[in-house]
Amino acid sequence: MQMLKVHNLHKSYDGKEVLSGVSFEVKKGEVVAVIGPSGSGKSTVLRCLNLLEKIDRGTIVVGGEVMADTTGEGKVLYAPEAHLRKIRLRLGMVFQNFNLFPHFSVLQNITEAPVHVAGMDRSKARDLAMELLEKMGLSDKADAYPYQLSGGQSQRVAIARALAMKPDILFFDEPTSALDPELTGEVLKVMRVLAAEHMTMVVVTHEMNFARDVADRVIFMDKGQIVEQGNPRELIDNPSNERIRAFLRNFSGA
C-alpha cells in the first residue's frame, strides 16, 4: 500500500530554487533514508511534507488523500483546512534539536498533543506515554524536565512524543546530528526497533551505516534534486554515480 506520494516538488527561497522537481513514493512499512550533502534540500522536503513550508509547485498525497496539488495554470491548491488538519495528524516529525517544551515534564511533553489535539482521554494518554517511555528505556524519567536529560534521552522523548499521536508515517530530520557517538547509538537503537516493527519512516540522515543496514531504500539528493535512489547496499557500497562516490568518501564508516 502506498503511504506517501511526492511528485514534481518545487520550492524556492528568495528566488533561489532549493527543490527542483523532487518525486518519490513510500510504501506502508517501508524505511526510506535520504542522504546527501548539506544544502541539498533534504530537510526542506520534510518541512514541505509536514506543512512547515508551502510548496511552489507539485503534488503531495498521504495515504490516498491529496494534501496539495497543482492546477494546469501552475497554482498550488491545498486541501481544505479541516481536511488538512486530519492529514497532518497522520504525520509525525522528529527534529534534530528535539523541540521539547522546557516548562513541561517529560510526561507532559508526551501527553499534551494526544489530549489537546487528538482529544484522547487524559488517563489513556498517560498510560500510552508510560508505555512509550518504557519502550524508549526512559520509564524512570517521566517526571524529569528537559534540562535534566542528556541529548540522547531528549531525542528518545521526542520520538515517544511523535509516536503518541499514532502517526502513519514518521519523519526524522537528522535525529542524531546534535549528539555525540555514544548518545547517537541510543537513538539509532530505538529507530532500529521501530524499523523492525515496520513503522513507515522517512529518515534524513548522515548515519551511513544506519542507512545501509536498516533502510529498505536510499534516496541520494544533491542541489535540490534526487540524483539516484535504490537498494541501500548497492547504492552505498557500490555507487555507480561519481557524485555519490565523492560524497561517500567523507564517511569512513560507509
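Reader: Leaving aside its neighbours within four places in sequence, which residues is L194 in contact with?
Author: One thing to keep in mind is that this is a predicted model. L194 touches K135, I159, L163, L170, F172, M199 and M201, once neighbours within four places in sequence are set aside.

Reader: Nice. And how many residues are in the largest nonpolar core?
Author: That core has 53 residues, and I159, L170, F172, L194 and M201 have the most contacts inside it.

Reader: Which helix gives the most to this core?
Author: Helix α6, residues 181–196, with 7 residues. There is also a second, separate core of 33 residues, and V6, L19, L46 and I87 are among its members.

Reader: Switching topic: how do β10 and β11 run, parallel or antiparallel?
Author: Antiparallel, with 5 bridges joining β10 (residues 217–222) to β11 (residues 225–230). The two strands form a hairpin with 2 residues between them.

Reader: What stands opposite Q225 there?
Author: D222 does. In the turn, K223 has a positive phi of about 55°.

Reader: What about H83, where does that lie?
Author: In helix α2, which covers residues 81–88.

Reader: And why does H83 count as partly exposed?
Author: Because its relative accessibility is 27%, and the partly exposed class sits between under 20% for buried and over 50% for exposed.

Reader: Last one: what separates the C-alpha atoms of H83 and K223?
Author: They are 33 Å apart in the model, and 140 residues apart along the chain.

Technical notes
Residues are numbered from 1 along each chain as its sequence is written. This is a predicted model: local features need pLDDT of at least 70, side-chain atom pairs count only at pLDDT 80 or more; totals for chains, interfaces and linings use all residues. Side-chain values use heavy atoms; hydrogens and water are left out. Two strands pair if DSSP finds at least two bridges between them. Helices (H or I, at least four residues) and strands (E, at least two) are DSSP runs, numbered from the N terminus. Buried means under 20% relative accessible area, exposed over 50%, partly exposed in between (1.4 Å probe, protein chains only). A nonpolar core is a set of buried Ala, Val, Leu, Ile, Met, Phe, Trp, Tyr and Cys residues joined through side-chain atoms within 4.5 Å. Contact means heavy atoms within 4.5 Å.
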